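Thanks, everyone. Let's get the structure up on the screen and walk through it together.

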Amino acid sequence: MTGIRTSRFILLPILVVAMWAPAGLASATTVSPSAISANASIWSEISFRGLPASEAGSIEVTGSISGDHDFTARRHSDDRGFSLIMELPFDPAEQVNISTDLEIPGAVDGDYTFITENIGFPRPKNQRREEVVKGERQPFRSRPALRPFSLQVRAREDEAGDDPVFVGSKTYGGAIFSAAGRLIWFKPMRATDFRTQSYHGKPVLTWIQAPSPGAGLERTSYIIADRSYRVIKRIVPGNGYRADTHEFRLTPRGTAYITSYRTVQRDLRPIGLTEDGRVTDSIAQEIDLDTGRVIWEWHSLDQVPVTDSYTARVRREGSPFDYFHINSVIDTPDGNVMVSGRSTSAIYEIKRRSGRPIWTLGGKSSDFAFGPGAAFSWQHDAEPLNGNRISLFDNADAFVSTGPSAEQSRGLVLNIDEPNMVATLVTEFLNPDRVLSPSQANVQALPSGNFFIGWGQSPLISEHSPEGGLVFDARLRGTNSAYRAYRQPWVGRPRGPVAITADRARGFTSVWVSWNGDTSVRRWRILTGPNRRHLEAFGTRPRTGFETQIRLPNQDPYVKVLGLDASGRVIGSSRTVVVR
């Protein structure tokens with residue numbers, strides 16, 4: 001019996017010329033690419049979930065064109081699976097045969113096949129650097145180079161949440177604001193899906209970042225940063241794909257869902273295009289965060305026909321036909337996966353083990369009937385809620401449609417009655433500006449029962465009661481859109497020094513201080529003196545926002561500040577500066 005081939009010893013002592021275990025194991029194993037995949041990358045890893053590599057038995061990988069493949073097995077961090085890393089890529093448009101002794105859905109006696117896509121491509125290379133990150137200049141004397149956008153809170157009721165607001169702009173940066181709209185932290189970057197999540201049981205910041213001058217990134221990456229805003233992990237897609245900027249969702253399993261897009265050739269005559277047309281295959285991956293391994297992968301072209309698309313045209317001349325446009329991926333309570341396809345105006349519950357849709361909600365192939373007001377189109381951010389409900393943002397328009405299908409966009413909560421296959425409207429959330437947002441946006445269910453909405457291409461943010469009433473209304477200034485917006489708890493602990501500058505005029509010393517990202521300083525203690533070595537406490541002043549201006553009546557040439565928390569403990573310090 002031929003065993004796992006490997007050119008080197010990695011992680012597992014069983015990885016030798018052959019790997020043995022009793023044949024015909026009873027436990028079922030999930031594989032990716034799946035047995036029905038017809039669009040797998042030529043650089044695909046082959047992932048096995050449900051057992052450790054030590055119990056895998058004999059595995060052979062053979063391409064119908066490329067022949068036998070050598071590979072290395074690498075375990076997943078939870079020891080419930082492993083991935084086979086090919087030494088050489090598969091050939092385009094070939095059938096890959098996997099021979100095992102395992103029980104695999106869709107396999108025959110443990111053997112199954114998948115097909116690679118019909119266009120070969122190299123491993124990802126450096127992308128072209130994009131234009132300079134833009135922003136609106138703010139009058140921060142202590143940080144003159146910082147140019148954040150701002151949040152103008154237009155209305156805030158007592159029922160609104162007190163947690164900070166998180167906003168990521170594709171062109172301007174990532175920002176955290178207080179509930180009152182005061183800036184807490186800003187970083188100029190090309191960022192989407194900026195929020196807090198949990199990684200190894202600790203709160204972290206996560207976002208998707210595209211390259212820009214000075215960013216230190218060669219390609220779009222998924223970023224995890226700690227409480228001090230220090231980047232602790234960068235993730236990229238597996239199997240040779242490039243990162244997409246729609247979804248970066250961490251799971252309690254130590255994994256993350258991400259999305260990618262890949263252009264392939266298909267016969268598009270059924271939709272009135274050419275026989276060898278270029279079409280976008282939407283891809284969802286689940287990545288093991290500790291190892292970077294792909295443990296699950298799904299392709300829209302394997303499961304959803306191109307004829308289900310409502311896309312009326314390509315967005316730009318020469319662009320591929322974006323028939324599906326995946327924009328959210330999330331676990332469902334029953335252990336499967338929910339995927340949103342914007343261009344099909346449909347939401348899918350995907351069987352995790354097979355990749356097949358369990359049901360389709362909306363679009364041309366909907367399994368559900370809709371009650372009054374429940375139908376949606378061109379949606380974003382579909383998420384399951386308790387009580388057989390889902391939330392989503394109904395954009396009701398798109399750049400690639402022939403026209404809007406409704407007068408305004410809205411947030412929605414729907415009840416999903418699977419026994420009767422009916423979707424009914426629970427609540428809709430409308431913005432008083434009656435906006436129609438053709439792109440982006442999200443709906444976040446808050447622990448209070450309220451719902452927080454980022455209005456995407458319209459630079460608006462709102463919070464609503466469970467019944468739909470408006471309790472928080474804000475507008476972004478200095479950016480024309482935000483991909484998603486969130487209200488979440490956060491305690492920032494920046495590591496760098498407090499920023500300070502000081503000027504003297506008309507017998508007074510004016511001091512400006514700020515600490516980008518801090519959420520704990522309540523008062524500033526001022527130290528002044530005749531030289532750097534002899535400073536004495538002058539007094540304290542309350543913190544008044546992102547930047548605090550302090551006026552001192554003395555003439556000492558040197559000044560320094562200390563940041564005090566609510567208990568009076570020193571938690572931050574500036575350098576000593578000369579009064580100019």
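Start at the hairpin of strand 35 and strand 36. Two residues sit between the strands, and Arg-506 there takes a positive phi near 55°. Keep in mind throughout that this is a predicted model.

Trp-490 sits in the loop between strand 34, residues 485-487, and strand 35. Its relative accessibility is 7%. The cut-off for buried is under 20%, so Trp-490 counts as buried. Now look across to Arg-522. That residue is 32 positions from Trp-490 along the chain, and the two C-alpha atoms are separated by 16 Å.

Stay with strand 35 for one more contact. Which residue forms a salt bridge with Asp-503? The partner is Arg-141, with the closest N and O atoms 2.3 Å apart. Arg-141 lies in the loop between strand 8 (112-115) and strand 9 (150-156), while Asp-503 is in strand 35, so this pair ties together parts that are 362 residues apart in sequence. Arg-141 itself is partly exposed, at 39% relative accessible area.

That brings us to charge pairs in general. Side chains of opposite charge can pair when their charged atoms come close. How many salt bridges does the structure hold? The count is 30.

Asp-193, Arg-195, Glu-247, Arg-249, Asp-381, Glu-383 and Arg-484 are linked in a network of salt bridges. Take Asp-193 as the way in. Asp-193 has 0% relative accessibility, so it counts as buried. One of its partners is Arg-195, with the closest N and O atoms 3.0 Å apart. Arg-195 is buried too, with a relative accessible area of 6%.

Another partner of Asp-193 is Arg-484. Their side chains meet in a salt bridge at 3.0 Å, N to O.

Next, a second hairpin. Strand 5, residues 71-75, pairs with strand 6, residues 81-86. The sense is antiparallel, over five bridges. Phe-71 stands opposite Met-86 in strand 6. Between the strands there are five residues, and in this hairpin Asp-79 takes a positive phi near 60°.

Where do we find positive phi in loops? Asn-239 lies in the loop between strand 16 (231-235) and strand 17 (248-250). Buried or exposed? At 4% relative accessibility, Asn-239 counts as buried.

Then Met-421. Phi here is near 55°, again positive in a residue other than glycine. The loop in question runs between strand 28 (410-417) and strand 29 (422-429). Met-421 counts as partly exposed, at 26% relative accessibility.

There is also a cis peptide bond to point out. It joins Ser-32 and Pro-33, with omega at about 0°. Pro-33 is in the loop between strand 1 (30-32) and strand 2 (46-49).

Last stop, the surface. Which residues form a positive patch? They are Lys-170, Arg-313, Arg-315 and Arg-316. Lys-170 is in the loop between strand 10 (165-169) and strand 11 (173-177). Its relative accessible area is 35%, so Lys-170 is partly exposed.

To recap two items. Arg-141 and Asp-503 form a salt bridge, and Arg-484 and Asp-193 form another.

Notes: Residues numbered from 1 in each chain as written. Predicted model: local features only at pLDDT ≥ 70, side-chain atom pairs only at ≥ 80, totals over all residues. Heavy atoms only, no water. Patch = residues over 30% accessible without salt bridge, like charges linked within 9 Å, V, L, I, M, F, W, Y side chains within 5 Å. Areas by Shrake-Rupley, 256 points an atom, 1.4 Å probe, with all protein chains shown as cover. Salt bridge = Lys/Arg side-chain N within 4 Å of Asp/Glu carboxyl O. Lys, Arg positive; Asp, Glu negative; His and termini not counted. Charge placed at Lys NZ, Arg CZ, Asp CG, Glu CD. Helix = DSSP H or I, 4+ residues; strand = E, 2+ residues; numbered from the N terminus. Buried < 20%, exposed > 50% of the residue type's maximum accessible area, 1.4 Å probe, protein only. Pairing = 2+ DSSP bridges.
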